[in-house]
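Please look over the sequence and the structure, then read on.

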Amino acid sequence: MITKELIARINELSRKKRSSGLSEDERIEHQNLREQYLAGIREQVRNMLDQVEIIDTPLGEQHVTHVKEVAFSLRPSHKLH
């Protein structure tokens, strides 16, 4: 899950990486936190795609595909603590 604390720590380590560099432990922590963040994004995308509904409507010889509703945001969800 993506939390404010997770993002804050990733950003803190990113700033330090640019300014003075990271120790090996910090580099590993940064990499692990980024993987957690990406896993959270993937989960959000999967949840969004689970809500998509495709409807095929015959129109003579044609078929029209409608997407009922799609909403997508990379911003943290309201579920953050």
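Is Arg-27 buried, partly exposed or exposed? Arg-27 is partly exposed, because its relative accessible area is 38%, where buried means under 20% relative accessible area, exposed over 50%, and partly exposed in between (1.4 Å probe, protein chains only).

The model is predicted, so local features need pLDDT of at least 70 and side-chain atom pairs count only at pLDDT 80 or more, while totals for chains, interfaces and linings use all residues. Residues are numbered from 1 along each chain as its sequence is written, and side-chain values use heavy atoms, with hydrogens and water left out.

**Overall layout and confidence**

The protein has 2 helices and 2 strands; helices (H or I, at least four residues) and strands (E, at least two) are DSSP runs, numbered from the N terminus. Along the sequence they follow the pattern α-α-β-β. The average pLDDT, the predictor's confidence in each residue from 0 to 100, is 80 for the protein. A score of at least 70 is reached by 64% of the residues. Confidence is highest in H1, at 96, and lowest in strand E2 (residues 62-67), at a mean of 55. Where pLDDT is low, the predicted coordinates should not be read in detail.

Of the 81 residues, 16% count as buried. The accessible surface comes to about 6,800 Å², and 51% of that surface belongs to carbon and sulfur atoms; such areas come from the Shrake-Rupley method with a 1.4 Å probe, and for residues only the protein chains shown count as cover. A contact means heavy atoms within 4.5 Å. Among contacts between residues at least 6 apart in sequence, 45% join residues at least 24 apart.

**Helix H2**

Helix H2 covers residues 24-50. Its 27 residues should span 39 Å at 1.5 Å a residue, and the end C-alpha atoms are 39 Å apart, which agrees; the expected span is 1.5 Å times one less than the number of residues. The buried residues in H2 are Glu-26, His-30, Leu-33, Gly-40, Ile-41 and Met-48. What covers these buried residues includes H1.

The C-alpha atoms of Arg-27 and Lys-17 are separated by 8.4 Å, and the two residues are 10 residues apart along the chain. Asn-32 also lies in helix H2 and counts as partly exposed, at 44% relative accessibility.

**Salt bridges**

Side chains of opposite charge can pair when their charged atoms come close. A salt bridge is a side-chain nitrogen of Lys or Arg within 4 Å of a carboxyl oxygen of Asp or Glu. A search of the whole structure finds 4 salt bridges.

| Residue | Partner | Closest N and O atoms |
|---|---|---|
| Arg-9 | Glu-29 | 2.8 Å |
| Glu-26 | Lys-16 | 2.7 Å |
| Glu-24 | Arg-27 | 2.5 Å |

Arg-9, Glu-12 and Glu-29 are linked in a network of salt bridges.

Glu-26 and Lys-16 form a salt bridge that also links distant parts of the chain, with Glu-26 in H2 and Lys-16 in H1, 10 residues apart. Glu-26 counts as buried because its relative accessibility is 17%, whereas Lys-16 is partly exposed at 32%. Their side chains make a polar contact at 2.7 Å, meaning a pair of N or O atoms within 3.5 Å; within protein, one must be able to donate a hydrogen and the other to accept it, and residues adjacent in sequence count only if both atoms are side-chain atoms. Leaving aside residues up to four places away in sequence, Glu-26 touches Leu-13, Lys-16 and Gly-21.

Glu-24 and Arg-27 both lie in helix H2, 3 residues apart, about one turn of the helix. Glu-24 is partly exposed, with a relative accessible area of 46%.
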